Amino acid sequence: MSSTVAVILALAVGTYAFRLVGPMLHGRIELPVRVQELLSAGAVVLLVALLATGALTEGGGFAGWARPAGVLAGAVLAWRRAPFAVVVLGAAVTTAALRAVGVT
């Protein structure tokens with residue numbers, strides 16, 4: 001077995017173990033309210049960071065203005081509680097329209 005396959009298998013087992021621990025410990029461990037709030041805030045911060053890097057960068061540099069504008073349009077639609085398909089299509093149409101008129 002090559003080292004690459006061994007690493008992939010180890011990561012697969014670790015991932016499965018993490019997914020299994022949640023349901024197994026549910027109800028057995030009670031986290032304080034403050035810890036639950038910090039975990040929720042941490043999850044939001046990670047998602048915002050992922051959104052920012054995905055929306056603003058491409059190949060280690062700035063992605064241009066069309067992509068962030070599309071993400072902003074999608075965020076506004078999501079904030080206004082539009083259906084998911086409308087959010088995705090609105091973001092895509094905004095980005096495509098800006099790129100069609102020459103905004104990169």
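Select F62 to begin: at 48% relative accessibility, F62 counts as partly exposed. The classes are buried (under 20% relative accessible area), exposed (over 50%) and partly exposed (in between), with a 1.4 Å probe and protein chains only. This is a predicted model, in which local features need pLDDT of at least 70, side-chain atom pairs count only at pLDDT 80 or more, and totals for chains, interfaces and linings use all residues. Residues are numbered from 1 along each chain as its sequence is written, and side-chain values use heavy atoms, with hydrogens and water left out.

Rings of Phe, Tyr and Trp (its six-membered ring) pair if their centres lie within 6.5 Å; planes under 30 degrees apart are stacked, over 60 edge-to-face, and the rest tilted. By this rule the count is 1 aromatic pair. That pair is F62 with W65, edge-to-face, at 5.1 Å centre to centre and 65 degrees between the planes.

Next, select R67 and E58. They form a salt bridge, with the closest N and O atoms 2.6 Å apart. A salt bridge here is a side-chain nitrogen of Lys or Arg within 4 Å of a carboxyl oxygen of Asp or Glu. Both ends are partly exposed: R67 has a relative accessible area of 22%, and E58 has 47%.

How many salt bridges does a search of the whole structure find? It finds 2. For another of them, select R34 and E37, where the closest N and O atoms are 3.8 Å apart. These two residues are 3 apart in helix α2 (residues 33-56), so about one helical turn separates them. R34 is exposed at 55% relative accessibility, while E37 is partly exposed at 45%.

Move to helix α1, residues 3-25. Helices are DSSP runs of H or I with at least four residues, numbered from the N terminus. α1 has 23 residues and spans 32 Å from first C-alpha to last, close to the expected 33 Å; the expected span is 1.5 Å times one less than the number of residues. Just after α1, G27 takes a positive phi of about 90 degrees.

Finally, select Y16, L20, V21, M24, L25, I29, L31, V35 and L39, which make a nonpolar surface patch of about 800 Å². Such a patch joins nonpolar side chains (Val, Leu, Ile, Met, Phe, Trp, Tyr) within 5 Å, from residues with over 30% relative accessible area and no salt bridge. α1 gives the most to the patch, with 5 residues. L25 lies in α1 and is partly exposed at 35% relative accessibility.

Technical notes
Patch = residues over 30% accessible without salt bridge, like charges linked within 9 Å, V, L, I, M, F, W, Y side chains within 5 Å. Areas by Shrake-Rupley, 256 points an atom, 1.4 Å probe, with all protein chains shown as cover.
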